Amino acid sequence: MNATKEARQSKRANPNNHMITRLVVGEAFVQSMGTPVGQRSLFNQDVSQTIRWKHGRWENSEGLVSKLRKAASQSSDVLNLPISAPKEEEAVEFNFLEYAENLLTDPKVKRRIYIASLTMASLFLGISGYFLYDQLKSADIDLPIPLGAGGPSNASSQSGLKVEEAPFFVRPLEAGDAGTNPTADRPVVPSANAVEPAGVLPIPSSGSAPAGVATQAAPASPIIPAPVANSSTVASVMANAANGPTGAKNAAKNETPAAPAAPAKTDGKAPPPTGMILDAEHSKGTSSESSSKEPAKEPPKVRSGGSGLVAITPDGKIALFTNPKTRLPERFKVGDKLPSGETLKSIDTSSGKVVTDSKEYVLE
Amino acid sequence: MSTEESIIIDPVAMNIVNRIAPGSTFRGVLECNGGLMIQGTLEGDAKVFGGPVVLMQEGVIKGDVQCTGDLFLFGKVVVKETGEFSELSANGAAFLAETMDAHANITSTAIKTYEGAQIHGRISTRRK
């Protein structure tokens, strides 16, 4: 009751209060806000035209072939050939030529072709170079490399002794060979490739040693074959030389030290040990006690494969020698001059010997 | 199928007792007790208590507005004189109508946007 009285009193005091508000603010009106942002409802959509499985087949679905046909018929890119169109082969060939012309005139394609050709050429060169190098390498391996390839300058040291190897085996002349060798009485001059034996005389100085040792060990020995030596012989010779004359004699008996053939022939006894260091096999042939048949039965070992006698023809006319300079075999007849400067005197096919004016070569 | 929504703005029912009429410009700081309808231009800050702020389609706000009710934005909100975005803050919901174009940062407890509303600024929500 009191509230209604107060409202009536306020209306009496300001009867247009409510109306004034309306006048100031205005009447109610409808204002459009727009479409609210949110997810659309899928349930209200019409799905009658969508694809569905019914009675064992898909309904409302268009086949792929029919779609393609439609697309092809509607597309403007498809060329509809008339009935009198040219054959397909001609059309294809023409198109290919045109395409090739376009390709060749394109600078990008040109550059690619250049790069590809350069790559192929470099690849081919690399492969061919590799094969060429391989062939050269194999050819180098096939070349004969003698043990004493360095020639006389090649030196090998064993047990502190410097032993030089001869470039090829040289059999010293014997007394029995005098008939076959007309120049046996002449002093033998070593060839240019031969090793000078003066530097390889490792005999220690001994007061009890016979005087002949020193004299015979001099480099002025008339026959100076190639002093090929092995370490055992060298050691035994050194030991015998240190033991004195008896030891030297034993050494002469056992080891048959190398001695010049001609001086040893004069003595009826075993030659004293000399300063020459030779192979055991070699020294057997040079010893006066040994018979002349032994070297023929046992061919001496050849250490150097450089310029020795390689082969003899069965008729005994030609002998093959290895040229130390070219390392190639060369043919020589009787009377020819060897690369070492010697003149070939005779060829013995039965024993495999070749006799020159200064040396005698045996088959390797 | 979404449809457009409409709202009935009844100033009396919404307690909108303040109004900047069309063609009118208010510059300065405005503190209202009750809702505010802006049909003209508001340049400055406004603090509205006890009612919503309705920015009509022809109205322009250039400044910061704080409101304890809802925000109905149909008009334009431009950047302030300093070049910064205007700041609109409401304790209620913010309705961003399709005709709105605001260069402002809007903060409210709920946001409802309509397709076409253009907002250039940051929108953030907070719990009541």
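Let's start where the two chains meet. 24 residues of chain B are in contact with 18 residues of chain A. Contact here means C-beta atoms, placed from the backbone, that lie within 7 Å. On the chain B side, strands S1, S2 and S15 (110-113) each supply at least two residues. Strands and helices are DSSP runs, numbered from the N terminus: at least two residues of E for a strand, at least four of H or I for a helix. S1(B) gives the most to that side, with five residues. By class, the side of chain B that touches chain A has 13 nonpolar, four polar and seven charged residues. Nonpolar covers Ala, Val, Leu, Ile, Met, Phe, Trp, Tyr, Cys and Pro; charged covers Asp, Glu, Lys and Arg; the others, Gly among them, count as polar.

A word on what you are looking at. This is a predicted model, in which local features need pLDDT of at least 70, side-chain atom pairs count only at pLDDT 80 or more, and totals for chains, interfaces and linings use all residues. Residues are numbered from 1 along each chain as its sequence is written, and chains are lettered from A and ligands numbered from 1 in the order in which they are written. The model scores ipTM 0.86 and pTM 0.36. For chain B, the mean pLDDT is 94, and 98% of its residues reach 70 or more. pLDDT is the predictor's confidence in each residue, from 0 to 100.

Back to the meeting point. How do S1(A) and S1(B) pair? Strand S1 of chain A, residues 29-34, and S1(B) run antiparallel, over five bridges. Two strands pair if DSSP finds at least two bridges between them. Within this pairing, Ser32(A) stands opposite Ser6(B). In general, strands of a sheet pair through backbone hydrogen bonds, either parallel or antiparallel.

Now chain B by itself. Its secondary structure comes to zero helices and 17 strands. Buried residues make up 39% of its 128 residues. Buried means 20 or more other C-beta atoms within 10 Å of a residue's own, exposed means 12 or fewer, and partly exposed is in between, with C-beta atoms placed from the backbone. Of the chain B contacts with a separation of 6 or more, 14% are between residues 24 or more positions apart.

Follow the parallel strands. S9(B), residues 71-73, is joined to S12(B), residues 93-96, by three bridges, and the two run parallel. There, Phe72(B) stands opposite Phe95(B). S12(B) also pairs with S15(B), in the parallel sense, over four bridges. Ala94(B) has Ile111(B) in S15(B) as its bridge partner.

Next, the cores. The largest nonpolar core has 35 residues. A nonpolar core is a set of buried Ala, Val, Leu, Ile, Met, Phe, Trp, Tyr and Cys residues joined through C-beta atoms within 7 Å. The residues with the most contacts inside the largest one are Ile38(B), Val54(B), Leu55(B), Leu71(B) and Leu73(B). Take Leu71(B): leaving out residues up to four places away in sequence, it touches Pro52(B), Val53(B), Leu88(B), Ala90(B), Ala94(B), Phe95(B) and Ser108(B). A second, separate core of 12 residues includes Leu338(A), Val354(A), Val355(A) and Val362(A).

That takes us to chain A. Val355(A) lies in strand S10. Is Val355(A) buried or exposed? Val355(A) is buried, because 23 other C-beta atoms lie within 10 Å. Glu342(A) is 13 residues from Val355(A) in sequence, and their C-alpha atoms are 9.7 Å apart.

S10(A) belongs to an open, antiparallel sheet of three strands, in the order S9-S10-S11. S9(A), 344-348, and S11(A), 360-362, stand at the edges with a single partner strand each, so one side of each has no neighbour in the sheet. Between S10(A), residues 353-356, and S11(A) there are three bridges. Val354(A) stands opposite Tyr361(A).

Last, two loop residues. Most residues other than glycine have a negative phi. Arg327(A), not a glycine, has a positive phi of about 60°. Arg327(A) sits in the loop between S7 (318-322) and S8 (329-333) of chain A. It counts as partly exposed, because it has 15 C-beta neighbours inside 10 Å. In chain B, Asn15(B) also has a positive phi, near 60°. Asn15(B) lies in the loop between S1 (5-9) and S2 (16-20) of chain B. With 17 C-beta neighbours inside 10 Å, Asn15(B) counts as partly exposed.

Terms used. Contact = placed C-beta atoms within 7 Å.
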